[in-house]
Amino acid sequence: MSESFVLVETRGRVGLLTLNRPKALNALNDQLMDELGAALLAFEANPDIGAVVITGSEKAFAAGADIGAMKDWSYMDVYGNEYITRNWETLKRIRKPVIAAVAGYALGGGCELAMMCDIIIAADTAKFGQPEIKLGVIPGAGGTQRLPRAVGKAKAMDLALTARMMGAEEAERAGLVSRVVAADKLMEEAMDAATIIASMSLPSVMMAKECVNRAFEGSLNEGLLFERRVFHSLFATEDQKEGMAAFTEKRKPDFKHR
Ligand code: CAA
């Protein structure tokens, strides 16, 4: 049997996925992406999981798509067979929150994978970049679209055109990552955040995620209307009654849907 490139664990209501191709700095080949997609879909379908964390190694979250695997591919391999990109969009289909816990390199497809997650928590060792330009290509898994939305045009252009890496502090200042922590605290911080999210009412968590994503996908007016309708619909859930009753009764909520 071939080696598994994604380690799958559950800790309480959190699903933990560890990219496990350390010798290649977690370079993302089709096997790894297939395994990642399958594991994400399994967590999505598992009612005992409320949030997911994706992490890599101390040295690399992921150093990009696998250059050795793709170097000889033709246009029809990548377009016709959708090599490299075929499983990348799976992450977009996951409605439960996904946190990227990033230490070391998150380059090219690795940076793009982190950006597809809902929250990026970075170790102070993290380095983000889109160095594809050095290979004679461009980012192919959303980098030219998600990076400017996260950090603005100026910095996105800088990173995509010069291939320079951005450290964790700069990434936090620029709005790419939500928190920077010491490397030895990374997993604790990410798992704590995921555990908190997984303790909330799942319908409201999924709807909050959907609404925040809308802010990046359409106009302000459409987003506001969408949010209002979703907000109204949550009044049909038992958890809204429980959450608000618990607040007024000064006790902890006991959510039914988690
Ligand atoms: N693909 C395949 N193998 C990779 C890789 C990648 N993206 N990144 C690193 N590796 C491999 C190296 O080939 C090397 O393997 P060997 O030991 O067998 O030679 C091993 O991982 C360790 O790498 P280095 O010896 O280079 O380690 P380093 O510490 O000197 O440098 C690095 C680290 C700066 C991250 C360097 O490895 C590097 O520049 N990697 C490539 C980064 C890159 O260009 N990523 C973009 C890929 S294209 C892409 O992602 C397209 C897309 O948008 C979908």
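Trainee: What should I know before I start?
Mentor: Residues are numbered from 1 along each chain as its sequence is written, and side-chain values use heavy atoms, leaving out hydrogens and water. Since the model is predicted, local features need pLDDT of at least 70 and side-chain atom pairs count only at pLDDT 80 or more, while totals for chains, interfaces and linings use all residues.

Trainee: OK, which domains does the protein have?
Mentor: Domain 1 (6–198) and domain 2 (201–249); the bounds come from an automatic or database domain assignment.

Trainee: And how many salt bridges are there between domain 1 and domain 2?
Mentor: The count is 1. Asp118 and Lys209 pair through their side chains at 2.8 Å, N to O. A salt bridge here is a side-chain nitrogen of Lys or Arg within 4 Å of a carboxyl oxygen of Asp or Glu.

Trainee: New topic: what does Asp66 pair with?
Mentor: Its salt-bridge partner is Arg21, at 2.7 Å, N to O. Asp66 sits in the loop between β4 (60–62) and α2 (67–70) and Arg21 in the loop between β2 (14–19) and α1 (30–45), so the pair ties together parts 45 residues apart in sequence. Those labels are DSSP runs numbered from the N terminus: helices (H or I, at least four residues) and strands (E, at least two).

Trainee: Are Asp66 and Arg21 buried or exposed?
Mentor: Both are buried, meaning under 20% relative accessible area; exposed is over 50%, and partly exposed is in between (1.4 Å probe, protein chains only).

Trainee: How about Glu242, buried or exposed?
Mentor: Glu242 is buried at 17%, while its salt-bridge partner Arg251 is partly exposed at 37%.
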